[in-house]
Each structure stands twice: as C-alpha cells, then as structure tokens.
Amino acid sequence: MKPLRAAVVGDPVEHSLSPRLFAHWAQGRGRPLAYEALRVTHPDFRETLTYAREEGVWVGWNVTLPHKELAAQLADELDPTAEQPGAANVLLFRDGRAIAHNTDGQGFLDALAAAGAEPFGARAVVLGAGGAAAGVVAALRRAGAADVLVLNRTPEKAARLARRFGLAYGGLDSAADAVAGADLVVNATAAGLAGGSPLPAGTVFKEGAWAVDLLYRPRETPFLAQARAAGARPSGGLGMLVRHGALAWRLFFGA
Ligand code: NDP
C-alpha cells in the first residue's frame, strides 16, 4: 500500500514533535504514513498551499507558527472550530480543496482538564495574540472563563484578537499587574523559542494560580521556571500537543 502523506508546516518547524508523534501512531495502527516537517516561510505559504491542493497527494497538514491565521484565510472551507478564532492548525485536503479546522482550542481544554485546572469562572490572562492564542481564547470563552484579558508585545494584534470576542486587551507592559490577579495565565507567545519569558522578572502570581505554557520544549520553559519560583502551578504544552494531535489524526484518518 502506498503511504499517505501528511506534514507539519511552519517556520521554524525543526522544534516540532509532531513527526515523531504521528510516526508513533502510524506504526501502532499499522497505517503506512509518510509524515514530514516542511519548513515554509510566511511569504511562501500561499503558493505552497496552492501547489499542495493541485498535487493531490496530501491527506492533511498540521499548521504551526506563523501560518495559522493565513491558513484559515486561504482555506476553501472553514469548520466552525476554525471560523470562531479565525485560525487553523489543521488543513484537510479533499478533492483539491483545503478545509480548515482548529483542534488547538479543544486540545488546550482537554490538557487543562487532565492537569486538574478549571477554566470555568476563572480570571484568565492570555499572553500572545497569534494563531495559538486565538484558539486558546475561543476555548476559554467556550469553557466559561469569567474574564479573559489578551496581552501582546504588539498591542494592535491583541486588539484585533480581543475585539473578535469583545474582550479587554493591552501590551505586555501591563502583564505584571494583570498576572497578580489572575487564576490562569497562559503563555501563548513564541518568546520561549528564543529562550525568554514574556513576563518581567519578579512578576507575582496569585496564590494557587495556574501557569500554562503552550511551548513544550524544553519541559521547563523560562516562563514555567519563573511561574514555579513565584509559587504558581506550572503546566507545560506537551499534554496539549498530544491531545490536539490526536484530534487531528482523527480528522485525517477517521479513527
Ligand atoms: P504566531 O507566530 O502566530 O504568534 C507568535 C506570538 O508570540 C505573537 O503574539 C508574538 O507577538 C509573540 N512573540 C514572539 N516572540 C516574542 C517575544 N520574544 N516576546 C514576546 N512575545 C513574542 O505563533 P503561534 O501562535 O502559532 O505559536 C505560539 C507558541 O505556542 C509557539 O511557541 C508554539 O510552539 C506554541 N504552540 C504549542 C502548541 C502545543 O500543542 N503545545 C500548539 C500551538 C502553539 P507579536 O504579535 O508582537 O509578534
């Protein structure tokens, strides 16, 4: 049987564990699958997607940074999971069409539940306003968070995301005050990829607060180390990766 083709597409993409995860699942299920990590720059994403539609060899892509919003914009069809946040982390290819889904949000909620964190009624702060943050914000709203504040390095991007959901927003310069009163702080920035935390040194966390980093490499990211030292309950991104990946697998293969 000819192996089916799938990929994780992003820039950078070398850090992604998706190829190992999908290879593991394919082997366990006896399904021939050629799964690649495709580094595609942002300016090249549109053309690469056009070519992929025509090629007709792809089952689907896991879309990672920085392409999630563009993937939702360029898709031929939007599943409601991608429509609400305006960001897609999965593209399914069917009959020359690309269908956008978002499994980040549900993967995030499932990982929170597994860690024992309760979003219902929580005052949440989301750091970051990119594609992953959009899925997280939509999920937190769905799960009944009492309040979600979006803070981003570039405040205009925070404004754009927050307005979609009628939420408050700001720059990272207001993060220390906001974090001090939050039950749940989610780092959905890519700051950790460059070895940093988006929070200023000395940031105080509320007692019992959860600090969730979407980044999963290294296990203890700078943000998580900072949160742990400040007495918060840290939770890394590996649980979310496995859960949104499993949802993507089901979309690709049905079971
Ligand atoms: P995007 O490129 O769409 O967005 C990146 C975000 O990070 C923007 O808000 C950007 O701010 C911010 N940012 C980048 N560098 C810095 C910095 N040095 N300091 C502060 N903010 C910074 O990426 P995604 O939203 O797709 O991914 C974000 C992170 O989440 C990545 O680390 C990714 O690996 C992780 N992730 C993990 C998942 C999991 O399963 N565990 C799933 C999805 C994502 P600005 O707008 O100012 O540029």
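Predicted model: local features only at pLDDT ≥ 70, side-chain atom pairs only at ≥ 80, totals over all residues.
Residues are numbered from 1 along each chain as its sequence is written, and side-chain values use heavy atoms, with hydrogens and water left out. Helices (H or I, at least four residues) and strands (E, at least two) are DSSP runs, numbered from the N terminus.

**Entry: the sheet and its helices**

I followed strand β1 (residues 4–10) to strand β3 (residues 58–63) and found the two running parallel, joined by five bridges. Within this pair, R5 has W58 in β3 as its bridge partner.

**Entry: β7 and β8**

I then turned to strand β7 (residues 123–127), of which four of the five residues are buried; buried means under 20% relative accessible area, exposed over 50%, and partly exposed in between, with a 1.4 Å probe and protein chains only. Strand β7 pairs with strand β8 (residues 147–152) in the parallel sense over five bridges, and A124 stands opposite V148 in β8.

**Entry: salt bridges**

I searched the whole structure for salt bridges and found eight, a salt bridge being a side-chain nitrogen of Lys or Arg within 4 Å of a carboxyl oxygen of Asp or Glu. One of them joins R39 to D11, with the closest N and O atoms 2.8 Å apart. R39 lies in strand β2 and D11 in the loop between β1 and α1, so this pair ties together parts that are 28 residues apart in sequence. R39 counts as exposed at 53% relative accessibility, while D11 is partly exposed at 22%.

Another salt bridge is that of D76 with R53, at 2.8 Å from N to O. Because D76 sits in the loop between α3 (68–74) and β4 and R53 in helix α2 (residues 42–55), the pair ties together parts that are 23 residues apart in sequence. R53 counts as buried at 18% relative accessibility, and D76 as partly exposed at 36%.

I also checked D147 and R123, whose side chains meet in a salt bridge of 4.0 Å, N to O. D147 lies in strand β8 and R123 in strand β7, so parts that are 24 residues apart in sequence are tied together. D147 is partly exposed at 35%, and R123 is partly exposed at 45%.

**Entry: D213**

Which side chain of opposite charge is nearest to D213, and how far away is it? I found R228, 11 Å away, so by the cut-off of 4 Å there is no salt bridge for D213, although D213 is buried; Lys and Arg count as positive here and Asp and Glu as negative, with His and the chain ends not counted. D213 lies in strand β11 (residues 210–213), and the D213 side chain makes a polar contact with the side chain of T221 at 2.6 Å. A polar contact is a pair of N or O atoms within 3.5 Å; within protein, one must be able to donate a hydrogen and the other to accept it, and residues adjacent in sequence count only if both atoms are side-chain atoms. Leaving out residues up to four places away in sequence, D213 touches N187, T221, F223, L224, S235, G236 and G237.

**Entry: backbone geometry**

Most residues other than glycine have a negative phi, and most peptide bonds are trans. I therefore noted the exceptions that follow. The bond from D11 to P12 is cis, with omega near 5 degrees, and P12 is in the loop between β1 and α1. The bond from R217 to P218 is also cis, with omega near 0 degrees, and P218 is in the loop between β11 and α9 (222–229). D95, in the loop between β5 and β6, has a positive phi near 50 degrees and is exposed, with a relative accessible area of 80%.

Methods
Contact = heavy atoms within 4.5 Å. Pairing = 2+ DSSP bridges.
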